[in-house]
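I am starting a notebook on a structure that is new to me. The entries below record what I looked up, in the order I looked.

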Amino acid sequence: MAETTFSNATHILEPFRGIKKVTLEEYFTSGHRTCQGCESALVMKLMVKAAGPRTIVLGSTGCMYVANTTYYTTPWVVPWMHTQLGSSGSAALGTAAGLKALMRKGKMKSEPINVIAFCGDGGGADMGVGAISATLTHKEYNSLILLYDNESYANTDIQLSGMTPYGANTTFSPPGRVKRLIHTRWKKNMAGMMAAGHPECRYVATVCASYAVEMMNKVRRSLTIGGPTFIHSLDPCPKGWDYDPMLSHELGELAIETGLFPLYEIEDGVLKFYGKTKAIVDGRARKPVREYLLKQGRFAHFTEEDLAHFQAKVDEMWDKWEIPGGARREVTARRSVSASPVSLGARRKTASGPVLLCGCRVALHPGRTARGGAALGWLTTSERRRR
Ligand SMILES: Cc1ncc(C[n+]2csc(CCOP(=O)(O)OP(=O)(O)O)c2C)c(N)n1
Ligand code: SF4
Ligand SMILES: [Mg+2]
């Protein structure tokens, strides 16, 4: 067949300017059987509403597969495909590449089609992180990977994942008399990790469905920019977190207001904070994290000491991580370091401030400060303007 004019263009999806401007059409409707108050289901609905009808959705195993495809029913109005638990990245890349090849060969109409692959925290941040990472290196294919993080392997009855918060009660970490806290690791920083390690990925963002318009606009921005993009969504889960379903929205807000889950985007290396996270960065006090933790049964076994430790870890995130908090930026030092062709070792020795390591620009782990040679350094929009 003769080659047709092919363009790898994306849809230009302008942001919704307020709730009243949001389109009415739904592409994730009735027919699902998620729990009452399930924020992940809301994320699906908002995600595809933002993307519009010319969208293919791919989803890895988990609640958003199982509860959304009960025999003979489905809420999906757009084409949808299930993929294996660890393969949201592979599904995104394969679908995007397949569409591109078919269009280039003239076997289907050449037009922008959004490809969105979603994954849970188990499927995306644990099992499938390698496939997502690979996809984020292929800049010639347009796809969005959305990680919906309910902080456990929820579908198989709330097992611990790499995204489960410190100390939480899960079926793999039940508190007991001998050992009160089974799970004592701090959760992974997925968005930071994806942003830092993937120079071909032009857009990484965090979202929470409690802020629906902002969330939809970040989805629209990621699809407009094109190439491989990544969004991390924090989703309160009444079953796994053990709270009254009516509190879902409030818990999402509290996660932001306590500073536990900062809302930001990184587009072409420029960091922008959103909403209440921005207010905190600008000086507003964070709410005490106990207000968030004590509303959830999974932390009911916490003592005052545990609450204090959790608060100290959040404080440390804000003090020592580049994101959240935006602390410890020393623009002059970074400038001279990044412009200089000296070796990594020499940079470590000579730099007095943060060090830019081979394209890694976000501090990924708490406690690794610039002096220790840690990776660093997004610029905020205002910093960039100042430069
Ligand atoms: C390779 C593989 N291992 C285990 C399972 C069983 N399994 C199905 S869903 C699921 C939980 C997935 O957790 P997550 O990705 O966080 O999604 P959630 O259920 O929380 O929505 C597991 C372990 C599977 N389907 N495939
Ligand atoms: S277990 Fe959690 S994520 Fe799964 S359907 Fe229920 S509320 Fe949603
Ligand atoms: Mg999960």
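This is a predicted model: local features need pLDDT of at least 70, side-chain atom pairs count only at pLDDT 80 or more; totals for chains, interfaces and linings use all residues.

I began with the largest cavity and noted a volume of about 300 Å³. My working rule, on a 1 Å grid over the protein atoms alone, is that a cavity is a set of points where a 1.4 Å probe fits but cannot get out, while a pocket is an open set with protein on both sides within 12 Å along at least five of seven lines; lining residues have an atom within 4 Å of a point. Grid points are joined across faces, edges and corners, and a volume is the space filled by probe spheres set on the points.

Residues are numbered from 1 along each chain as its sequence is written, chains are lettered from A and ligands numbered from 1 in the order in which they are written, and side-chain values use heavy atoms, with hydrogens and water left out.

I counted four cavities of 30 Å³ or more in the structure. Which residues lie nearest the centre of the largest cavity? I found K187, K188, L260, F261 and M317 there, out of 22 lining residues. Helix 6, strand 6 (228-234) and helix 12 (304-320) are the elements that give two or more residues to this lining. I took helices (H or I, at least four residues) and strands (E, at least two) as DSSP runs, numbered from the N terminus. Sorted by class, the lining of the largest cavity holds 16 nonpolar, three polar and three charged residues. For these classes, Ala, Val, Leu, Ile, Met, Phe, Trp, Tyr, Cys and Pro count as nonpolar, Asp, Glu, Lys and Arg as charged, and the others, Gly among them, as polar.

The second largest cavity has about 220 Å³ of space. I listed 24 residues in its lining, with N8, A9, P112, I113 and N142 closest to its centre. Two or more lining residues come from each of helix 3 (88-104), strand 3, strand 4 and helix 7. Helix 3 has the largest share of this lining, with four residues. The classes here are eleven nonpolar, ten polar and three charged.

I noted about 230 Å³ of space in the largest pocket. Its lining has 18 residues, and T34, C35, C63, A67 and A154 are the closest to its centre. Helix 2 (63-66) supplies the largest share of that lining, three residues. I sorted the lining of the largest pocket into eleven nonpolar, four polar and three charged residues.

I used "nonpolar core" for a set of buried Ala, Val, Leu, Ile, Met, Phe, Trp, Tyr and Cys residues joined through side-chain atoms within 4.5 Å. Buried means under 20% relative accessible area, exposed over 50%, and partly exposed in between (1.4 Å probe, protein chains only). The largest nonpolar core has 34 residues, and M44, M47, W76, F118, L146, M215 and V219 have the most contacts inside it. Helix 1 (39-51), strand 3 (114-120), strand 4 (143-149), strand 5 (203-207) and helix 7 (212-225) each supply at least two of its residues. Which element gives the most to this core? It is helix 1, with eight residues.

I then looked up W76, setting aside its neighbours within four places in sequence, and found contacts (heavy atoms within 4.5 Å) with Y27, F28, M44, M47, V48, V57, N68 and F118.

I counted 19 salt bridges, each a side-chain nitrogen of Lys or Arg within 4 Å of a carboxyl oxygen of Asp or Glu. E26 forms one with K45, with the closest N and O atoms 3.3 Å apart. E26 is in the segment before helix 1 and K45 in helix 1, 19 residues apart. E26 counts as partly exposed because its relative accessibility is 27%.

K188 and D126 also meet in a salt bridge, at 3.3 Å from N to O.
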